[in-house]
Structure formats: C-alpha cells, structure tokens
Amino acid sequence: MVQWVYCFGGTRNEGRAEMRNLLGGKGANLAEMASIGLPVPAGFTITTEVCTAYYKNACAYPDDLKAQVENALRHIEQAIGMGFGDKKNPLLVSVRSGARVSMPGMMDTVLNLGLNDETVEGLASSSGDPRFAWDSYRRFIQMYGSVVMGVPHHRFEDILEEAKHALRVQDDTEITAEQLRVLVKDYRALVLSETGKEFPTDPHVQLWGAIGAVFGSWMNPRANTYRKLHDIPAEWGTAVSVQAMVFGNMGDDCATGVCFTRDPSTGENVFYGEYLVNAQGEDVVAGIRTPQPMAIARAEDEQKPMETVLPEAYAELSRIRSLLEGHHRDMQDIEFTVQKNVLYILQTRSGKRTAAAALKVAIDMAHEGLITQEEAILRVPPSSLNQLLHPALDPKAERTQLARGLPASPGAAAGAIVFTAEDVEAHAARDEDVILVRIETSPEDVHGMHAAKGVLTTRGGMTSHAAVVARGMGRVCVAGAGGIQVDYKAKTVTAGGHVLKEGDWITLDGGTGSVYLGRVATIPPVLSGDFATLMGWADDARRLRVRANAETIADAETALSFGAEGIGLARTEHMFFAPERIGHVRQMIMTENPALRARAIEALQQFQRDDFIGLFRTMAGLPVTIRLLDPPLHEFLPHGENELADVAAALGENIEVLRARRDALSESNPMLGHRGCRLGITAPEIYAMQVRAIAQAAIRAAEIVGKPIVPEIMIPLVATEEELKRTRAAAEETIKAVIAEEGVELKYDIGTMIELPRAALTAEHIAHEADFFSFGTNDLTQTTLGLSRDDAASFLPFYVEKGILPRDPFVSIDQEGVGALVRMGVMKGRTTRPGMKMGICGEHGGDPDSIAFFESVGLDYVSCSPFRVPVARLAAAQAALQKREKTIA
Ligand code: PEP
Ligand code: MG
C-alpha cells in the first residue's frame with residue numbers, strides 16, 4: 001500500500017526534514033520539529049505524490065486516500081483530546097499548502113475548519129468566550145467561501161462594512177457575539193445566492209473541500225506564473241498539511257509571538273522577540289497593540305515581559321530556543337502560541353538578520369563550536385560587507401524619494417547640489433558637503449568626484465565612467481537616474497514634479513540607487529574585531545588572490561588596509577587630468593611639431609615616473625600592473641575656446657590650425673576607435689614615455705624599499721598577436737635602453753588585457769607575446785553583447801525586470817556568453833604557456849557570483865576597487881569552499 005499520508009505530533013511522527021520533496025517544506029519542517037520533541041500541534045501531511053496523481057487522473061484522488069486521511073484525523077483527535085465535529089469539544093484544523101520550495105502567498109490556506117452552528121457553541125463554552133467563537137466562525141465562512149467556493153472575497157467585506165456602518169462601530173472588535181451571529185447568517189445567505197449551494201456544515205465535507213482547493217491552487221494562474229519565473233517544475237506538486245488549530249486569543253493565559261534565538265539586528269546571544277497576551281498571530285504584525293518583550297533583561301519600566309507574565313511557557317520556550325538552535329546550527333526565527341498556558345511551536349526557520357548580526361552570529365557560533373570555521377565563512381553574504389564598510393541611511397530617518405538610478409557605488413551621502421567639478425572643489429575647500437550632479441562624468445571630473453560626498457548621473461551604466469571611478473574612490477554613486485533632467489545652464493535638477501536648484505540638498509543611497517529630497521540622516525560604519533577574524537579565516541580558505549584597481553597612493557593605501565595583495569590595474573589615463581598635467585597632455589596631442597611634442601612628453605614623463613615610484617613604494621614589492629594609455633585621445637582635447645587658446649599660447653601655434661586638428665581627432669564611435677594599443681602603435685612616443693617612466697621608477701623604488709620590483713606592463717585593447725608583438729618589441733627596446741643607462745638589472749613582465757572577443761578567440765596566438773593575461777570584462781561585455789557601457793542604463797533595468805537578461809551583465813558576468821570567452825581565453829592561453837598568470841580587472845572582479853565563476857575557470861587573481869577587496873576576499877573563500885564541497889560530493 002502506498003503511504004499517502006504522514007502524521008506528525010502526538011505519538012505518531014512519520015516524517016523527517018529530509019522528506020521535503022514528499023512532504024513539502026512545511027510538512028517536513030513540522031515533522032522534524034515534532035521528532036525532536038517540540039510541542040507542535042498534531043497534524044498530518046498529504047504528500048506531493050497525491051497532487052501529482054490527482055492531476056494525472058483527471059482530478060481524482062487515489063482510492064485509499066480517504067481511509068488514510070480518516071485514520072490520520074483520529075490521530076489528531078487522540079493527541080489533542082478533542083473531536084472533529086464534536087459538539088462539546090470541537091477540534092478545529094488548518095489546511096495549508098506546502099511545496100518543496102516556498103512559494104509565498106501563491107496557494108490557498110483555510111483556517112478554523114470544522115466550525116458549524118453546533119460546534120461554534122461548543123467552542124464558545126470550552127473557550128468561555130462566545131465572541132471569539134462567533135468571530136472565528138465568521139472568518140472561517142469568509143475564507144472557505146472565497147477560497148473553496150469561489151465567492152469574491154470583497155462581497156464578504158462589503159457585508160461586514162455595511163454591518164459596521166449600521167452598528168455605528170469603527171472596528172471589527174467592537175462587534176458583539178450576538179451581532180456576529182447575524183453576520184454569519186448573512187454570510188451563509190451570500191454563499192447560497194452566489195453559488196446556489198448551501199455552505200457545508202459537515203466538517204468532513206468541509207475538509208475534503210479545502211484539500212481539493214489547495215491541490216487546485218497548485219495550478220492557479222498565480223502559482224503557474226511564479227513557477228515559470230522560478231523554474232519550479234509543475235510535476236513537483238504541493239503537499240497539504242492539516243493541523244490542529246491552537247489559539248492565542250482565548251484569554252489571559254494565552255498568547256502569541258515571534259522570537260529569535262539571537263538578536264537579529266546585532267547578533268548578540270540574547271533571547272529576542274515580541275509577544276502579545278490574548279492575541280492572534282496577525283495582531284503581532286498588525287501594529288494595533290504594542291507587542292511586549294520576551295525577557296526581563298530586555299524590558300523597560302512599563303513593559304510586561306513574557307518571562308514574568310507567563311513564566312512557565314517562557315521557561316519552556318527558553319529551553320526550546322537552545323534546542324532548536326543546536327539542532328539547526330543556525331539562528332532561528334520561531335513562531336509560537338500559548339493556549340491556556342500550554343506552549344505550541346508553529347514554525348521555525350533560519351532567521352533573517354542584518355549584516356552586522358550575520359557576522360557576529362557566524363563568528364560566535366564558530367567559537368562556541370556549533371559550526372566550523374568553514375561554515376562560518378559560508379554564512380556571511382559577501383555583499384553584506386558593503387553595509388559594514390560604508391555609511392548607511394539611518395533606518396529611522398524620514399525620507400522622500402525623488403528618483404531612482406543604478407546602485408553604482410555603495411554607501412549613503414547627503415550634500416548640496418553642484419554641477420561642475422570646479423564648484424565641488426570650491427565648496428569642499430570650505431568644508432561644505434556637496435553632491436556632484438552630472439548628465440555623465442568624464443576623466444576631467446575626477447578631481448571633483450574626489451572632493452564630493454557623492455556623485456549622481458542621469459546617463460550611464462554600472463561600468464560607466466562615474467560608476468567605475470566612484471567605486472574606486474569609495475565615493476557614493478547613483479548612476480543613470482534617467483528620471484532626472486539636468487539643466488546645466490539654468491542650474492536645475494527636475495524630477496518627480498520637483499525643481500531643485502544649485503545648493504539644494506539631496507541624499508544618495510548608492511546601495512539601492514535611490515535619490516532622496518533634502519538631507520536624510522546617515523549612520524557611520526562600525527567595524528568590529530569579528531570582521532578581522534572573518535577576513536583571516538577567509539584568507540586561509542581561498543585560492544584566488546585579490547588585488548585592487550588603483551592608481552593613486554591614497555587608493556593604494558586604502559587597498560592595502562583592506563588586504564589587497566597587489567595592484568591588478570593602474571589606469572594611467574587617470575593620472576593625466578591633474579591641472580598641472582592636462583596642459584602638457586593637450587600640447588602633446590595637438591602639436592605636429594616634433595620638438596614641441598618631445599618637450600610636452602618630457603614634462604609628462606617626470607610626472608609619470610614620480611607617480612610610479614609612489615605606487616611601487618606603497619606596494620613595497622607586491623605586484624603592480626600598470627596599464628599603458630587606453631582611452632581615445634579626444635577625451636583629452638581642449639573643449640571651449642579658452643582651453644584652446646591656452647594650448648595655442650603654450651605651443652605658440654595658430655588657433656585655427658589647432659581647431660582643425662581638434663576636429664580631425666574627434667570620432668563618431670570612440671569606444672571602438674583610435675584607442676588602446678592602436679594609439680600605442682600609431683603614436684609610439686606616448687607608450688615609450690610611459691614604459692621609460694615605469695622602468696626608471698621600478699629601479700628607483702627597488703633601491704628605496706630594498707626589494708626587487710618586477711613591474712607588470714599591460715597593453716590594452718589588443719585584438720591580434722601582431723599588435724602585441726609590435727607593442728611589446730617597442731617596450732622591450734625602451735626597457736633595455738633604461739637598463740643600459742642605469743647599469744642595473746630589471747626583471748619585468750609584459751602582458752595584455754583580453755577585452756575583445758577576437759583576443760579571447762585567438763588567445764593561443766596572443767599568448768606567444770604575453771607574460772600574463774588580464775581579462776577586461778567591462779570592454780569584453782560591451783563588445784560581446786554589442787552593448788554600450790555608457791548607454792545601456794536606458795533599457796537594461798527593463799531587460800532585467802522582465803527577465804530578458806537575468807542580471808545586468810556589467811555587474812555580474814554573463815557566464816554563458818562573455819564567460820565562455822573568458823574560459824576559452826584561459827584554456828587557449830595556457831595551451832601555449834602552461835601555468836600562465838591570469839587575472840581579471842573588470843568591475844566583475846568585485847562581484848561575488850562572478851568571482852565564483854573566475855574560481856571555476858582557474859584564474860589566479862581578481863582585481864577590484866579598493867573598497868570591494870574585503871567582499872572579494874570573502875567571495876573567493878566561499879567559492880573555494882563550495883568547489884571543494886562539490887569535488888568531495
Ligand atoms: C575593462 O575593460 O574591463 C577594463 C578593466 O578596462 P576599462 O574599464 O578601463 O576599459
Ligand atoms: Mg577596457
């Protein structure tokens with residue numbers, strides 16, 4: 001005989017936690033709690049196999065189901081000491097769905113089942129509260145009438161509202177037992193007129209009606225859509241759990257509440273929670289009455305803790321608290337009810353917690369020996385560390401949302417609106433907090449971004465200039481907020497019907513992408529010793545090295561303080577924009593006179609050499625990858641007439657000639673234009689200047705730090721072996737010249753970025769010329785998907801919302817497409833050069849899911865912005881541990 005029904009609670013407990021597929025999450029959890037001796041109201045679960053059979057057999061149940069259900073009902077009656085349909089001491093049950101994975105709110109539930117005109121009187125006298133009994137009956141008809149019999153829910157609500165109006169009462173609770181009797185009659189009349197059928201009075205008929213409705217709800221349109229969205233096969237089916245009702249609202253020796261085995265906001269090992277005397281579950285959340293604390297230690301003067309009000313139930317609950325935590329080896333969120341001083345546990349699950357609590361609970365539990373160090377590492381979501389590393393909005397602060405953009409760089413910041421980098425600097429010099437608001441940013445804005453508290457742009461995606469640079473600096477950034485219009489001329493920001501002027505305050509939440517009106521209070525980050533402990537454990541567990549993308553000494557120092565093991569990408573173009581340098585850059589680009597160009601290059605070389613000495617010294621022998629100039633020249637061109645005139649004066653050249661040259665240098669699609677190694681090949685003196693500066697700096701810094709320094713020189717935007725061959729040969733010639741001049745040895749590596757599909761596809765050839773590869777997944781995503789980094793924000797959120805793309809591919813690597821190219825690049829590169837050093841320096845280097853992917857393809861390191869280094873260290877450790885688990889399994 002097939003067992004279709006499994007009992008739990010009382011003396012018969014037939015299920016276990018592992019039987020989730022058969023009993024659904026709820027059924028398995030209830031059985032598990034009962035099996036470890038917890039006071040779970042008795043019940044039974046009809047298996048998911050019945051659901052499958054029911055749909056296979058044109059909505060007919062297996063033959064022996066009825067007998068098994070009747071038998072299980074007896075079990076509940078015996079366990080509870082009540083009779084189903086008994087006029088004096090009626091057993092009421094709940095009937096609930098429960099699939100193997102939770103599908104919140106998708107399927108149907110019926111409560112208080114078993115009530116009719118006779119049993120309601122029994123409930124009234126056994127509870128001593130006729131109002132409670134009649135209210136339960138009214139609610140039951142409403143629920144059953146709509147869920148099982150299909151009467152629109154609002155029709156019942158209409159009757160209730162009319163009654164309240166006629167009785168001149170505001171609240172349901174003011175309706176008396178006698179008045180509820182009348183309502184029940186009206187409800188039943190409604191059911192008859194709507195369905196042509198009497199409301200069933202036989203509890204057994206009611207039960208089968210409810211079971212049928214729950215199975216039926218597995219195929220309702222809501223559930224079907226949910227399943228499709230979450231990849232849940234229809235064949236899994238739902239289970240149905242039938243359980244004795246217990247009531248926390250039958251008098252002052254009754255209560256209901258929710259508690260956590262530890263404090264979910266701090267993680268402290270204290271009993272935390274809320275309860276209400278003489279109340280139902282929903283009263284605790286509805287906020288009509290103020291819930292009271294659990295423990296005396298947590299209570300304030302006027303409060304009535306459960307520990308004093310219901311001491312026996314509290315003592316029992318405290319015992320269960322440690323039992324459940326020990327059993328599940330995690331912080332639990334427990335729902336309970338006390339009925340006439342008897343405690344019942346209705347649910348336990350792993351408790352939701354703040355980032356700080358997740359960290360503390362994991363470390364404490366490992367110290368307590370409840371979990372292993374490895375498990376502790378796996379318990380803290382890496383991205384939650386962002387909450388610990390950056391200021392956050394004060395959860396208690398009032399706020400009005402103005403607009404929403406992309407959460408480009410985490411943290412919260414408030415400041416006055418300004419529109420130019422120069423204005424930011426002027427305000428910052430007076431210690432005023434400002435937010436730089438731009439349509440989009442460019443390298444020229446970097447100094448302003450640095451001085452601002454936060455950056456808001458209305459265009460651009462997660463790897464747009466603003467996003468990448470702000471993340472690198474640890475500045476708050478909301479990018480691509482398309483609902484905002486910026487008028488630079490009028491100096492206004494318009495959004496959601498508000499027009500803000502320069503100087504008006506706004507607040508950014510870079511973790512959610514929200515922009516708020518005015519100043520919203522923020523709270524500073526606090527790093528506990530637990531953070532360092534977790535990082536130490538993570539470092540022991542990970543294989544992937546973690547480097548940082550940084551080009552200033554300050555950023556390199558931040559990166560080191562967060563545990564970076566080197567620099568994986570120093571973008572040299574970021575060094576060109578300081579006011580004392582940009583003039584030389586412009587002169588270098590704009591003149592066609594070789595002597596003038598050489599003069600500008602010589603000036604820049606001094607700057608660059610000092611920049612690189614600074615980086616090498618700060619990193620003191622750790623690897624440093626310096627990328628030669630990458631962006632198109634037009635980014636450095638003089639903009640207005642004044643800038644053009646400055647360049648003309650410095651060069652002593654005709655302004656008209658320069659204007660023509662500027663126009664000639666502009667491109668219609670610069671991202672795919674004259675940039676990267678293409679520029680290095682056509683204007684070789686720029687790369688030669690940079691390589692010379694790197695070689696000289698490495699020699700000088702090695703003397704200072706007393707350790708050999710092996711610079712890693714990286715060539716950007718390589719598509720063919722020939723490009724790299726030529727660029728490499730030129731670089732080596734320069735380095736040899738420096739070695740000869742200085743009379744010392746210098747080891748170096750020359751590698752390339754793999755950021756164009758062709759480079760990945762031909763990596764076995766490119767590897768002949770490269771000592772290392774660094775995957776530039778920003779450009780690789782852009783070019784593989786044919787998706788502009790700077791323009792995607794206008795439609796990508798829509799794509800993600802509609803499920804056309806699972807996530808923004810600039811945030812989390814598109815494993816199927818871009819990832820395939822990375823995998824291929826690694827494999828092909830190492831075919832030519834076994835063991836070749838490989839890393840990734842695109843923004844994906846700080847994304848936990850992408851890091852797991854990079855672990856799986858065997859990269860050596862990830863490189864990310866300094867503030868994401870801890871996130872990457874933890875994610876790398878989790879990826880290594882999960883890989884180990886899979887290998888063992
Ligand atoms: C990349 O393309 O992934 C990269 C790191 O380079 P950038 O973002 O500077 O283009
Ligand atoms: Mg790139």
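Modeller: A helix here is a DSSP run of H or I with at least four residues, numbered from the N terminus. Helix H4 is such a run, covering residues 119-127, and Thr 119 has its place in it. Keep in mind that this is a predicted model.

Is Thr 119 buried or exposed? Buried means under 20% relative accessible area. Thr 119 has 0% relative accessibility, so it counts as buried. What does Thr 119 touch, leaving out residues up to four places away in sequence? Its contacts are Gly 85, Asp 86, Pro 90 and Gly 114.

Now step back to the whole chain. It has 889 residues, and 55% of them count as buried. Thr 119 is one of the buried residues. The chain holds 34 helices and 31 strands. Its C-alpha trace spans about 105 × 60 × 55 Å along the principal axes. Take the contacts with a separation of 6 or more: 68% of them join residues 24 or more positions apart.

Next, a loop residue. Arg 168 sits in the loop between helix H6 (153-167) and helix H7 (177-195). Exposed means over 50% relative accessible area. Arg 168 has 77%, so it is exposed. Its phi is positive, about 55°, although Arg 168 is not a glycine.

Follow the chain on to a sheet. Strands of a sheet pair through backbone hydrogen bonds, either parallel or antiparallel. This sheet is open and has five strands, in the order S8-S7-S6-S9-S10, with antiparallel pairing. Which strands stand at the edges? They are S8 (292-293) and S10 (342-350). Each has a single partner strand, so one side of each has no neighbour in the sheet.

Strand S9 (residues 332-339) pairs with S10 over eight bridges, in the antiparallel sense. Thr 337 has Tyr 344 in S10 as its bridge partner. Lys 340 lies in the loop between S9 and S10. Lys 340 has a phi near 50°, again positive in a residue other than glycine. Its relative accessible area is 35%, so Lys 340 counts as partly exposed. Helix H12 (residues 311-328) lies across S6 (255-260), S9 and S10. H12 runs at about 30° to S10.

What joins strands S19 and S20? Four bridges do, with S19 (residues 492-495) and S20 (residues 498-501) paired in the antiparallel sense. Thr 494 stands opposite Val 499 in S20. The hairpin has two residues between its strands, and Gly 496 takes a positive phi near 50°.

Strand S21 (residues 505-509) is joined to S22 by four bridges, and the two run antiparallel. Ile 506 stands opposite Leu 517 in S22. S22 (residues 514-517) also pairs with strand S12 (residues 401-404), antiparallel, through three bridges. There Ala 403 has Val 515 as its bridge partner.

Last, the helix pairs. Two packed helices are described by the angle between their axes and the distance between the axes. Helix H21 (residues 579-590) and helix H22 (residues 594-619) pack at about 140°, with their axes 8 Å apart. That angle makes H21 oblique to H22. Their crossing is left-handed. The residues in contact include His 584, Val 585 and Met 588 of H21, and Ala 600, Leu 604 and Phe 607 of H22. By class, this contact has eight nonpolar, two polar and five charged residues.

Helix H32 (residues 818-832) and helix H33 (residues 848-857) pack at about 30°, with their axes 10 Å apart. H32 and H33 are therefore roughly parallel to each other. The crossing of H32 and H33 is right-handed. Gly 819, Val 822, Arg 823 and Val 826 in H32 meet Phe 853, Ser 856 and Val 857 in H33. Four residues of this contact are nonpolar, two are polar and one is charged.

How values were computed. Residues are numbered from 1 along each chain as its sequence is written. Chains are lettered from A and ligands numbered from 1 in the order in which they are written. This is a predicted model: local features need pLDDT of at least 70, side-chain atom pairs count only at pLDDT 80 or more; totals for chains, interfaces and linings use all residues. Side-chain values use heavy atoms; hydrogens and water are left out. Axes are lines fitted to C-alpha atoms, for helices over the stretch in contact, and angles run from 0 to 180 degrees between N-to-C directions. Angles under 35 degrees count as roughly parallel, over 145 as roughly antiparallel, 65 to 115 as roughly perpendicular and the rest as oblique. A crossing is left-handed if the near helix is turned anticlockwise from the far one by less than a right angle, and right-handed if clockwise. Contact means heavy atoms within 4.5 Å. Ala, Val, Leu, Ile, Met, Phe, Trp, Tyr, Cys and Pro count as nonpolar, Asp, Glu, Lys and Arg as charged, and the others, Gly among them, as polar. Two strands pair if DSSP finds at least two bridges between them. Buried means under 20% relative accessible area, exposed over 50%, partly exposed in between (1.4 Å probe, protein chains only).
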